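Let's take a walk through a protein together, one piece at a time. Have the picture open while you read.

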Amino acid sequence: MSDKGSDCRFLFLGTSTSVGVPVIGCSCKTCSSDYPRDDRSRSSAFLEGPWGKILIDSGPDLRQQALRENLTVVDAVLYTHEHLDHVTGFDELRAFCWRRETPLPLYGSPDTLAGLERMYPWAFPLEDHQPGYVRPDPRPVEDAFRFNNLKITPIEVQHGRVRTHGFRFDHPTIGSLAYIPDVKIIPQSSLDLLEDLDVLIIDALRHEEHHTHMTVAESLDAIATLKPKRSFLTHLGHELGWQETNEALPPQVSLAYDGLSLTF
Ligand SMILES: [Zn+2]
Ligand SMILES: [Zn+2]
Ligand SMILES: [Zn+2]
């Protein structure tokens, strides 16, 4: 992993929990902070390399994220789950579809893709596509698959009562990287799929207990169990000021922030 100058990168488009930071109407220390890393859009990421350009989730801030990072091409979208903070930018995918000859592959669990179809029914008559709409190519996945030469393994986790997926990516240029933005409990069968990671990116909402998200301490426990070489915490609430929280983390663990790019 290097700091700059590569076509192969994992880019944090957004690193906040569902409401964003600052929170509407909140005057807490983080929400009123001028520090840029305390300004967080909804969780989403972009992974590009020799396999192409993959967007992970299409949250409500997708338009601003794409403009900020000058994203012009998306070759596929991976969905972690159908919670609104991960899907409601779906309609912004139009701009990427206009520049494609073929429908846009959307990968996710059968449940997640069925949820997208329920929410955006006008985009899904695949045989009778309306010009200008998102043109999806739904690809339900539950087991490891390949997108070009990138191996992608869905990692099933518990997120309160909802079953969601993180993803593990394996490729010679990036080694192995896993992204799990919404998780409370990682079952043993999924812990087994997360061995020998170079990079782990995982949910850490706040310090206080929460029924659907890991606390910082729970994330650090998962990191201690899995022993990745490097870890980043994401899906952060306004309870976590960036500087003081990051300073208190162990070596090899950092808070993510919007615009952080890991290059390989
Ligand atoms: Zn979320
Ligand atoms: Zn606040
Ligand atoms: Zn969620």
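Below we look at a sheet, a helix, a core and a pair of hairpins. Keep in mind that this is a predicted model.

Start with the open sheet, which has 7 strands. Going across, their order is β6-β5-β4-β3-β2-β1-β14, and the pairing is mixed. At the edges stand β6 and β14 (261-263), each with a single partner strand, so one side of each has no neighbour in the sheet. If you ignore direction, neighbouring strands here are turned by 20° against each other on average. What holds strands side by side in general? Strands of a sheet pair through backbone hydrogen bonds, either parallel or antiparallel.

Now find helix α4, residues 110-119. This helix lies across β5 and β6, and runs at about 125° to β5. Which residues of α4 are buried? They are T112, L113 and L116. Seen down the axis of α4, the buried residues fall within an arc of 95°, so they line one face of the helix. As for what covers the buried residues of α4, the list includes α2 (84-87), β5 (104-108) and β6 (136-140).

Next, look for the largest nonpolar core, which has 62 residues. The ones with the most contacts inside this core are V77, A178, I201, I202 and L233.

Strands β7 (residues 145-147) and β8 (residues 150-159) are antiparallel and share 3 bridges. One of the pairings puts R146 with K151 in β8. Together β7 and β8 make a hairpin with 2 residues between them, and N148 in the turn has a positive phi of about 50°. Then comes another hairpin, formed by β8 and β9, again with 2 residues between the strands. In this turn, G160 has a positive phi of about 65°. Here 9 bridges join β8 to β9 (residues 162-171), and the two run antiparallel. Look for Q158, whose bridge partner in β9 is R163.

Methods
Residues numbered from 1 in each chain as written. Chains lettered and ligands numbered in written order. Predicted model: local features only at pLDDT ≥ 70, side-chain atom pairs only at ≥ 80, totals over all residues. Pairing = 2+ DSSP bridges. Helix = DSSP H or I, 4+ residues; strand = E, 2+ residues; numbered from the N terminus. Buried ≥ 20, exposed ≤ 12 C-beta atoms within 10 Å, placed from the backbone. Arc of directions from axis to C-beta. Contact = placed C-beta atoms within 7 Å. Core = buried A, V, L, I, M, F, W, Y, C linked by C-beta atoms within 7 Å. Axes fitted to C-alpha atoms, helices over the stretch in contact; angles between N-to-C directions.
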